[in-house]
Amino acid sequence: MKYIDEYRDAKAAQRYARAIARITTRPWTIMEVCGGQTHAIVKFGVDELLPKMITLVHGPGCPVCVTPVELIDKAITLASRPDVIFCSFGDMLRVPGTEKDLLTVKASGGDVRIVYSPLDALRIAEENPAKQVVFFAVGFETTAPANAMAVYQAAERGIKNFSLLVSHVLVPPAMEAILSSPTNRVQGFLAAGHVCTVMGYTEYEPIARKYHVPIVVTGFEPLDILQGVYMCVKQLEEGRAEVENQYTRSVRREGNLPAQRLIREVFRVVPRKWRGIGEIPRSGLGLSEKYAEFDAETRFGLADQAVEESSECMSGLVLQGVMKPHECPAFGTRCTPEHPLGATMVSSEGACAAYYRYRRIAHG
Amino acid sequence: MCLGVPGKIISISGDDPLTRMGKVSFGGIVKDVCLAYVPEAQVGDYVIVHVGFAISRLDEQEAEQVFEYLRQMDELRELEGGSA
């Protein structure tokens, strides 16, 4: 397919790998932020093409993985109500809550529906006026314009039986949390290409300066990632710490302005709890005052309940790039995609799932 | 979750910029896609689609830069006479 196949060319990948090897003189640790990039790296073996001195660590960019247990529990509470049709992206259904997951609710008769787009959930609300339709609005900045549009259209068209359970997270505060952690070992970032497609990359410029860390906005195909690594290593070797853009075919410096306008209209920045990491100030989106009536937590009076996370799951360390998935004692034994301890083993973008799926030797 | 797939716009419907929809082909599989966030996109353009929304119009010239960068690196090496 155009704009996919050409970026998987093996010869060009080898040329990039050789170019990276030529400029690397010291060990460097680089984090790819987005789970989509992690999967491409592990699936195509991009990391195995790199010189031994380059270590890629996998970032927190998997919204399913960082959604806290209490929100999963709230989703389960809502999905179990007989008056609710609960709509979600498919990834969320097998994420373990405290006692069960959404798939279990569905199996025991809950009306849980997998949708491709938030607009599908809005259509379901229109078609089922006697039911309350709740959409599980999970995602990073990339998904926020879509979810904002669903709420905006619901308000415009007076669709009252529609609401969102919001668990939106933002990338730059998470990167700052990683950089300011005493255990941090990340020296450069490949920033998430689709997040930056929406938001642009001016937000990253103060981070690059403050922490003296190069940040390269990077795409998702093997050649994109290799070029991103090359640009990042080049900066590290030259002692530079700038924001550069590898993914120029999609990302403009200012981002997508119409999308940002609607995000600002419908959402506001709020503190958010990240699974395995804890609360990060100003790291999420919640509905703005004007659209507060579409907030499912308010509509259904879900009290804020603190829930203990499984102590056996070490996904917090994996999400911060401190531990690799196969270094976890539970990996591939007590924790598998069929019986996950944490979301990083469930999501199609989770680092643990990527290792389980593509790294046969590790658990073979 | 931030998966974005490139596809080609084959038709556009609706005049209201905020509800503009289009049919987008992904290697032959056609889906309805909201085009509200790519007001500049026309039939024949490629867009990145995420959960039913086009979030950018792909720039055909910039799409070449991954390969252009490689060519430039190789030329530079030849000029420097490096072969390692």
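**Figure 1. The largest nonpolar core of the predicted model.** This core comprises 144 residues. Those that touch the most other members are A:Ala75, A:Ala191, A:Val229 and B:Ala54. Helix α12 of chain A, spanning residues 222–238, supplies the largest share of the core, namely nine residues.

**Figure 2. The surroundings of A:Ala191.** Which residues are in contact with A:Ala191, leaving aside its neighbours within four places in sequence? They are A:Val33, A:Cys196, A:Tyr201, A:Tyr204, A:Ile215, A:Val216, A:Val217 and A:Thr218. A:Ala191 is also listed among the core residues that touch the most other members.

**Figure 3. The side of chain B that touches chain A.** Here, 29 residues of chain B are in contact with 42 residues of chain A. On the chain B side, the elements that give two or more residues are β4 (46–50), β5 (53–57) and α1 (65–80). The largest share, six residues, comes from α1(B). Sorted by class, this side of chain B has 21 nonpolar, six polar and two charged residues.

**Figure 4. The division of chain A into domains.** Domain 1 consists of residues 5–60 + 178–191 + 201–245. Domain 2 is formed by 65–171 + 255–299, and domain 3 by 315–358.

**Figure 5. Domain 2 and domain 3 of chain A.** The C-alpha centres of these two domains lie 25 Å apart. Between them, 10 residues of domain 2 are in contact with 11 residues of domain 3. How do the residues on the domain 2 side divide by class, and what is the count of each? Five are nonpolar, two are polar and three are charged.

Definitions and conventions:
Residues numbered from 1 in each chain as written. Chains lettered and ligands numbered in written order. Predicted model: local features only at pLDDT ≥ 70, side-chain atom pairs only at ≥ 80, totals over all residues. Contact = placed C-beta atoms within 7 Å. Helix = DSSP H or I, 4+ residues; strand = E, 2+ residues; numbered from the N terminus. Nonpolar A, V, L, I, M, F, W, Y, C, P; charged D, E, K, R; others polar. Core = buried A, V, L, I, M, F, W, Y, C linked by C-beta atoms within 7 Å. Buried ≥ 20, exposed ≤ 12 C-beta atoms within 10 Å, placed from the backbone. Domains from an automatic or database assignment.
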